[in-house]
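Start with the chain interface, then move to the domains, the ligand and the backbone.

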Amino acid sequence: MPGFDVQQFRQQFAFFQQQPNWVYLDNAATMHKPHAVLDAVTAFYQQHNSNVHRGAHQLSQQATVLFEQARSNIAGYLNAAHPHEVIFTSGATAALNQIAFGLMHTLLKPGDRILLTQLEHHANIVPWQLHCQRFGVIIDVVPLTADHGIDLVAYKKLLALGPKAVSFSHISNVLGHIQPVAQMVALAKAAGAVTVIDGAQGIVYQQPDMQQLDCDFYVFSGHKLYGPTGIGVLYGKTLWLDRLTPIFAGGEMIDTVSFVNTTFNKLPFRLEAGTPNIAGAIGLSAAISWLQKYNTNQVQQHKSLLLKEFYNGLAAIKAIDILSMPVHNAGIVALNVRGEHPSDVAELLNQQQVAVRSGQHCAMPLFSYLAQQGAVRCSFAAYNTLDDVNRCLLALEQAVEILTA
Amino acid sequence: MTLEQLLAETQPALLQIKQQDLADITAAKDWQSKYRVLMQLGKKLPPVPEKMKQPHLLVKGCESRAWLMHYHDKAQDKHFFVLDSEARIVKGLMAIMLCLVNGMTSAELAKFDLCHKFDQLNLKPYLSQSRGNGLTAMAERIKACCPAK
Ligand SMILES: Cc1ncc(COP(=O)(O)O)c(C=O)c1O
């Protein structure tokens with residue numbers, strides 16, 4: 001197989017032709033979309049637009065077929081046991097809200113415990129907190145090790161307290177560290193806990209195999225995987241999806257309705273109230289089909305090379321503090337210029353058309369743990385080039401020079 | 001340190017910014033020189049002691065934290081301000097904002113069009129809603145200092 005050709009890959013993104021001067025290193029926030037995705041979305045609206053599952057006409061039936069094909073395609077990618085184990089949501093946040101809310105009514109009772117980690121995104125903290133407070137469920141938090149990884153010793157101790165559910169991210173959106181999810185799932189299962197993985201960043205790094213990983217839930221957003229915004233996936237094992245109380249109620253998710261009682265439809269519809277994001281689902285499915293044309297190992301090698309060059313370059317710039325470790329890193333580097341506020345650094349990069357994010361990245365508990373006021377985050381994607389890396393390094397040097405003048 | 005002392009140290013700095021540095025910013029030939037000046041501005045203002053940075057003085061909507069203190073000399077009907085921020089560029093931009101309104105009467109402050117002024121200084125992009133730098137929030141906070149009629 002020929003090697004990964006980054007130029008060929010990059011050419012498929014109209015964005016870079018439109019914005020040739022920008023170095024885009026904010027991929028952990030959202031990624032650009034290849035033609036394959038844009039075309040699929042446009043084609044749906046131009047040729048097949050109709051509502052799904054409800055029209056008496058053939059057009060609606062065609063749209064339904066396309067929508068359900070998207071579900072099957074995504075389920076196949078995840079190696080889910082059944083297509084109905086893929087629930088379409090508006091994104092990872094919506095999926096996590098559904099899980100936290102849904103389990104609160106069925107699995108979790110007052111006095112029960114759940115387990116999160118110190119480095120979670122707010123989307124994997126606040127929904128739990130909101131419902132736990134109301135239901136009297138206790139949240140425990142796994143601390144980090146000195147190199148900012150999950151402290152597995154502490155994790156085991158906290159599992160011994162018997163949490164009913166454990167929820168953690170596959171990859172930290174701030175540090176880029178890849179968590180030992182397989183091990184963490186196995187330990188949690190041995191302790192009898194339901195396992196939830198926030199795969200918002202993990203899904204870009206690798207194709208997760210649900211049956212092998214054996215987690216009960218895995219969630220992600222389409223827009224961080226070359227897909228459209230407003231679409232995401234809540235994967236769950238049938239057994240557990242069946243036990244979720246729907247967070248949204250409305251059309252499509254019901255079986256019979258009277259003002260005395262309502263009975264619910266079967267999966268996946270029970271958890272998809274209202275008209276779904278049909279074009280979004282088709283776009284995400286197109287993104288996944290497109291991505292499968294590339295060899296994951298080669299893509300990862302390319303990203304590792306970018307990361308290596310970036311770390312090498314950073315070592316040569318004075319006064320840079322790096323929060324992310326280079327090993328087991330999926331392509332995200334959080335850093336600070338010593339003594340400077342991250343927003344100043346990011347603004348000076350912005351002036352040089354290098355797009356990064358600064359702040360606490362929706363992970364305030366992590367930053368209070370690290371005792372940092374925030375960080376500049378450079379996140380790399382497969383379409384980034386060595387030229388991008390070098391331009392970012394030069395821009396950082398320039399920023400340091402201006403800041404320390 | 002008291003608010004009076006802070007005000008006494010801040011006022012000449014704001015005056016100097018208004019009389020000298022504003023011209024340098026507008027005249028800056030490239031972004032580097034503009035930012036070099038911007039970052040010097042913040043340094044001219046005396047830092048607000050940690051003890052005085054009370055939560056109610058925080059300007060919401062900033063990625064970096066910023067504090068605004070206000071003093072209304074009722075006898076002369078004049079408004080004076082003190083500011084601090086964790087971020088240097090934001091502090092510089094906020095200092096520019098303050099130097100424009102400092103010492104205004106209530107009527108002047110109510111009438112003042114900060115957006116227009118920032119536009120003239122080529123600084124308008126910093127006031128846009130989409131930026132998390134808190135400049136817009138600061139502008140609203142300053143306006144809110146006008147006593148209700
Ligand atoms: C780890 C992690 N979890 C959850 C989310 C939330 O994703 P979304 O905003 O697309 O719902 C993000 C996005 O920043 C993330 O990085």
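Across the interface of chain B and chain A, 8 residue pairs are in polar contact, both residues at pLDDT 80 or more. A polar contact is a pair of N or O atoms within 3.5 Å; within protein, one must be able to donate a hydrogen and the other to accept it, and residues adjacent in sequence count only if both atoms are side-chain atoms. Helix H2 (31-44) and helix H3 (88-101) of chain B are the elements that give two or more residues to the side of chain B that touches chain A. Helices (H or I, at least four residues) and strands (E, at least two) are DSSP runs, numbered from the N terminus.

**Conventions**
- This is a predicted model: local features need pLDDT of at least 70, side-chain atom pairs count only at pLDDT 80 or more, and totals for chains, interfaces and linings use all residues.
- Residues are numbered from 1 along each chain as its sequence is written, chains are lettered from A and ligands numbered from 1 in the order in which they are written, and side-chain values use heavy atoms, with hydrogens and water left out.

**Chain B against chain A**
- H2(B) gives the most to the side of chain B that touches chain A, with 6 residues.
- That side of chain B divides into 7 nonpolar, 2 polar and 6 charged residues. Ala, Val, Leu, Ile, Met, Phe, Trp, Tyr, Cys and Pro count as nonpolar, Asp, Glu, Lys and Arg as charged, and the others, Gly among them, as polar.
- In contact (heavy atoms within 4.5 Å) are 15 residues of chain B and 17 residues of chain A.
- The two chains bury about 1,400 Å² between them, 49% of it on carbon and sulfur atoms. Buried area is the accessible area (1.4 Å probe) that two parts lose on being put together, summed over both.
- Trp31(B), Glu63(B) and Arg88(B) supply 39% of the area that chain B buries against chain A, more than any other three residues.
- There are 2 salt bridges between chain B and chain A. The rule asks for a side-chain nitrogen of Lys or Arg within 4 Å of a carboxyl oxygen of Asp or Glu.
- Glu401(A) and Arg36(B) form a salt bridge at 2.6 Å, N to O.

**Domains of chain A**
- Domain 1 covers 6-30 + 295-404, and domain 2 covers 38-291. The bounds come from an automatic or database domain assignment.
- The domain centres, taken over C-alpha atoms, are 28 Å apart.
- The two domains bury about 2,500 Å² between them, 60% of it on carbon and sulfur atoms.
- Cys362(A), Leu366(A) and Tyr369(A) supply 21% of the area that domain 1 buries against domain 2, more than any other three residues.
- Between the domains the counts are 0 salt bridges and 19 residue pairs in polar contact, both at pLDDT 80 or more.
- H15(A) gives the most to the side of domain 1 that touches domain 2, with 6 residues.

**Ligand**
- Residues around the ligand (a heavy atom within 4 Å) include Asn173(A), Asp198(A), Ser221(A) and Lys224(A).
- Polar side-chain atoms lie 3.2 Å from a ligand oxygen for His121(A) and 2.8 Å for Gln201(A).
- For His223(A), an N or O atom of the side chain is 2.7 Å from a ligand oxygen.

**Backbone**
- Most residues other than glycine have a negative phi, and most peptide bonds are trans.
- The peptide bond from Leu267(A) to Pro268(A) is cis, with omega near 0 degrees.
- Asn79(A), not a glycine, has a positive phi of about 55 degrees.
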